[in-house]
Structure formats: C-alpha cells, structure tokens
Amino acid sequence: MTGKGHIIFLNGVASSGKASIVDALQEREDVFFYVVANDLFEQMVGDRYLRQNYWKYLSEAIIMMYHTAKLYSDMGKNVLIDGILVEREEIRPHYHQLLEILQDNPLDIVEVYCPPDICRQRNLRRQDRFETQSDEQSELMAEDIHYSLRVDTSIHGPVECADIILQRLFKQ
C-alpha cells in the first residue's frame with residue numbers, strides 16, 4: 001500500500017487568489033493534485049436547498065468535502081482544498097472538525113492573503129461577487145488557525161505562490 005497523499009488547504013477569502021494558485025499548481029508537471037473546493041461542493045447541494053437554509057446545507061457539504069479529501073489522501077493521492085475556514089453556529093467548531101477528520105493525514109494549511117482593498121477591487125472586476133464579500137468572509141473566518149505558510153498574492157503571482165508552497169511544504 002502506498003503512503004498517504006499530502007493535503008494542502010488553501011485558506012482565504014473571496015478574491016484572495018486561491019483558485020489562481022490551484023490553476024498554477026495544476027499546470028505543473030512535477031506534481032499532481034486532485035482538487036476539492038467549497039464552490040464545487042456548494043454546487044452539489046442545489047439552489048433550492050441553499051435558499052432554504054444556506055449555512056445548514058453548505059456546512060454539510062463542507063464536512064463531506066473534508067471526508068473526500070481524506071479518502072483521496074488515504075489512497076495515496078495529493079489533494080488541494082480551495083476553501084475558507086469559517087466559524088458559524090451551523091459548522092462550529094469548523095477548524096477543529098477539519099483537524100479531527102484529517103488527523104491521520106499529512107495536512108498543511110496555507111493562508112492565502114491579499115489586502116482587503118485589493119480583494120474589493122478584484123471582486124468588482126470579476127462581476128460575479130459583491131464588493132465587500134471578502135470583508136464579510138474575513139469577519140467569519142476562524143481564529144487561531146495554525147498555518148504552515150502564508151503567501152501574499154498582492155506581492156507574488158499565482159505561479160510564484162505555487163513555487164513557494166511546493167518548495168516549503170511539499171517534500172517529494
């Protein structure tokens with residue numbers, strides 16, 4: 001049986017640059033990651049249920065996402081999680097649930113940081129988000145997260161961030 005795959009959780013607010021880093025990592029030829037993302041699992045729920053009780057159903061989907069990442073890792077596959085560790089009543093204690101589910105798997109949490117003013121500008125450019133979405137998510141983010149690494153997407157581009165992550169965290 002092969003060893004467990006490495007799980008890298010990219011934690012950051014909307015427009016911080018997580019998806020761009022995921023894309024940069026997926027373009028590499030020296031390492032392969034399966035990707036699980038909050039957005040993908042949210043789409044599994046269906047709009048009707050999300051309108052009924054957004055946080056209840058999203059919370060369930062997020063926990064299933066962590067179990068999916070664990071399954072891939074247990075099968076020896078590397079995994080990227082594109083998400084945000086929020087603390088809401090429906091999912092509390094979110095961060096601790098993540099750590100419990102993945103306690104036997106190699107996990108690194110990377111803070112994907114971008115200053116709020118730049119996130120607001122990115123949100124407006126995207127036109128599929130509202131301007132203050134990142135600010136609101138920041139208010140909900142779990143506190144006291146133990147990060148393995150922080151990348152600042154206002155200083156480094158996605159490819160540079162991918163390089164930093166692999167150089168510092170991924171031991172081949």
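Helices here are DSSP runs of H or I with at least four residues, numbered from the N terminus. Keep in mind as you look around that the whole thing is a predicted model.

Let's stay with Ile164 for a moment. Its relative accessibility is 15%, and since buried means under 20%, Ile164 counts as buried. What does Ile164 touch, once neighbours within four places in sequence are set aside? The contacts are Leu149, Val151 and His156. For a sense of scale, pick Asn53, which is 111 residues away along the chain: the C-alpha atoms of Ile164 and Asn53 are separated by 39 Å.

Two packed helices are described by the angle between their axes and the distance between the axes. Helix H1 (residues 18–27) packs on helix H7 (residues 158–169) at an angle of about 70°, and the axes are 8 Å apart. Angles of 65 to 115 degrees count as roughly perpendicular, so that is what H1 is to H7. The crossing of H1 past H7 is right-handed. On the H1 side, the contact uses Ser20, Ile21, Ala24 and Leu25, while H7 brings Pro158, Val159, Cys161, Ala162, Ile165 and Leu166. Sorted by class, the contact of H1 with H7 has nine nonpolar residues, one polar and no charged ones.

Helix H3 (residues 47–74) and helix H4 (residues 94–101) pack at about 25°, with 10 Å between their axes. Angles under 35 degrees count as roughly parallel, so H3 is roughly parallel to H4. H3 passes H4 in a right-handed crossing. Which residues meet there? From H3 come Ile62, Ile63, Tyr66, His67 and Lys70, and from H4 come His94, Gln97, Leu98 and Ile101. The residues of this contact of H3 with H4 split into five nonpolar, three polar and one charged.

Tyr66 turns up again in the largest nonpolar core. That core has 31 residues, and the ones touching the most other members are Tyr66, Ile81 and Leu85. Two or more residues each come from strand E1 (7–11), helix H2 (38–45), H3, strand E3 (79–83) and H4. H3 gives the most to this core, with nine residues.

Most residues other than glycine have a negative phi. Ser15 is not a glycine, yet has a positive phi of about 70°. Where is Ser15? The residue is found in the loop between E1 and H1. Is Ser15 buried or exposed? At 8% relative accessibility, Ser15 counts as buried. Asp144 is not a glycine either, and has a positive phi of about 60°. This residue is found in the loop between helix H6 (133–140) and strand E5 (149–152). Asp144 is exposed, with a relative accessible area of 74%.

Terms used:
Residues numbered from 1 in each chain as written. Predicted model: local features only at pLDDT ≥ 70, side-chain atom pairs only at ≥ 80, totals over all residues. Heavy atoms only, no water. Axes fitted to C-alpha atoms, helices over the stretch in contact; angles between N-to-C directions. Parallel < 35°, antiparallel > 145°, perpendicular 65-115°, else oblique. Left-handed = near helix turned anticlockwise from the far one by under 90°. Contact = heavy atoms within 4.5 Å. Nonpolar A, V, L, I, M, F, W, Y, C, P; charged D, E, K, R; others polar. Core = buried A, V, L, I, M, F, W, Y, C linked by side-chain atoms within 4.5 Å. Buried < 20%, exposed > 50% of the residue type's maximum accessible area, 1.4 Å probe, protein only.
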